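Hi,

Here is the structure I promised to pass on. Have a look at it first, and then read on for what turned up.

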Amino acid sequence: IDDPVRKVIRIEPNMAFGTGTHETTQLCVAVIGSELLAGESFLDVGTGTGILAIAAAKLGDRRITACDIDEDSVKIAIENAKANGTAGIEFFTGEIGEQTDQYDFVCANLTIDVILPMIDLLLSKTKRILLLSGILGIQSDMITGALEKRGISEYSIGSAGEWISVTVKRN
């Protein structure tokens, strides 16, 4: 995916989960670049190296929060944010929960086995856009079925290689 946002992001060699070249990351960056509006808040659930939070920060001034359950990943994400001139991102080690604020744009580039148990929580924390990725194309019925079970029938699916992303626009 040729995206101008990716061209300005430099990730240092100190990596945790993700270099930015994986299809799921590219799918997410494309949606972030086209759908994240000026000034909107952004939550990156399962941030890994922080590349998606960094991409959101590169698009302009906004409140950005990113979390991961892996402490080493969060440390590396903080280093990557500093290296990319986006040190204003709020990173934390842990999970989101009922106490987590709502955000205009929520991104979860995880795996289907992690997304499905927390789909209700992700939806409840999303004001406008929920972006889900880390899902294999052969698992598309699982995620679309989970959304439709919750009364959500309007979503778009992107694909790259064997992977998909699902973008839900909330009212």
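This is a predicted model: local features need pLDDT of at least 70, side-chain atom pairs count only at pLDDT 80 or more; totals for chains, interfaces and linings use all residues.

Now the overall picture. The protein has 171 residues, and 51% of them count as buried. There are 7 helices and 7 strands, and from the N terminus on the elements run α-α-β-α-β-α-β-β-α-α-β-α-β-β. If you take the contacts with a separation of 6 or more, 67% of them are between residues 24 or more positions apart. The accessible surface comes to about 8,000 Å², with 50% of that belonging to carbon and sulfur atoms.

Glu40 forms a salt bridge with Arg128, where the closest N and O atoms are 2.5 Å apart. Glu40 lies in the loop between helix H2 (23-35) and E1, while Arg128 is in strand E5 (residues 126-136), so this pair ties together parts that are 88 residues apart in sequence. Glu40 is buried, at a relative accessible area of 8%, whereas Arg128 is partly exposed at 21%.

Arg63 forms a salt bridge with Asp101, and there the closest N and O atoms are 2.8 Å apart. This pair links distant parts of the chain as well: Arg63 is in the loop between helix H3 (51-58) and strand E2 (64-68), and Asp101 is in the loop between strand E3 (90-93) and E4, 38 residues apart. Both ends are partly exposed, Arg63 with a relative accessible area of 38% and Asp101 with 40%.

Then there is a charged residue without such a partner. Asp44, in strand E1 (residues 42-45), is buried yet has no salt bridge. The nearest side chain of opposite charge is that of Arg62, and it is 12 Å away. So what does lie around Asp44? Leaving aside its neighbours within four places in sequence, Asp44 is in contact with Leu52, Ala53, Thr65, Ala66, Cys67 and Cys107. For Ala53 there is a further detail: its backbone nitrogen lies 3.5 Å from a polar atom of the Asp44 side chain.

One last thing, on the rings. The structure holds 1 aromatic pair. The rings of Phe42 and Phe105 have their centres 5.3 Å apart and their planes at 35°, so the pair is tilted. Phe42 is in strand E1 and Phe105 in strand E4 (residues 103-109), so to speak two distant parts of the chain linked across 63 residues. Phe42 counts as buried at 0% relative accessibility, and Phe105 is buried with a relative accessible area of 0%.

Happy looking!

Conventions
Residues are numbered from 1 along each chain as its sequence is written. Side-chain values use heavy atoms; hydrogens and water are left out. Helices (H or I, at least four residues) and strands (E, at least two) are DSSP runs, numbered from the N terminus. Buried means under 20% relative accessible area, exposed over 50%, partly exposed in between (1.4 Å probe, protein chains only). Lys and Arg count as positive and Asp and Glu as negative; His and the chain ends are not counted. A salt bridge is a side-chain nitrogen of Lys or Arg within 4 Å of a carboxyl oxygen of Asp or Glu. A polar contact is a pair of N or O atoms within 3.5 Å; within protein, one must be able to donate a hydrogen and the other to accept it, and residues adjacent in sequence count only if both atoms are side-chain atoms. Contact means heavy atoms within 4.5 Å. Accessible areas come from the Shrake-Rupley method with a 1.4 Å probe; for residues, only the protein chains shown count as cover. Rings of Phe, Tyr and Trp (its six-membered ring) pair if their centres lie within 6.5 Å; planes under 30 degrees apart count as stacked, over 60 as edge-to-face and the rest as tilted.
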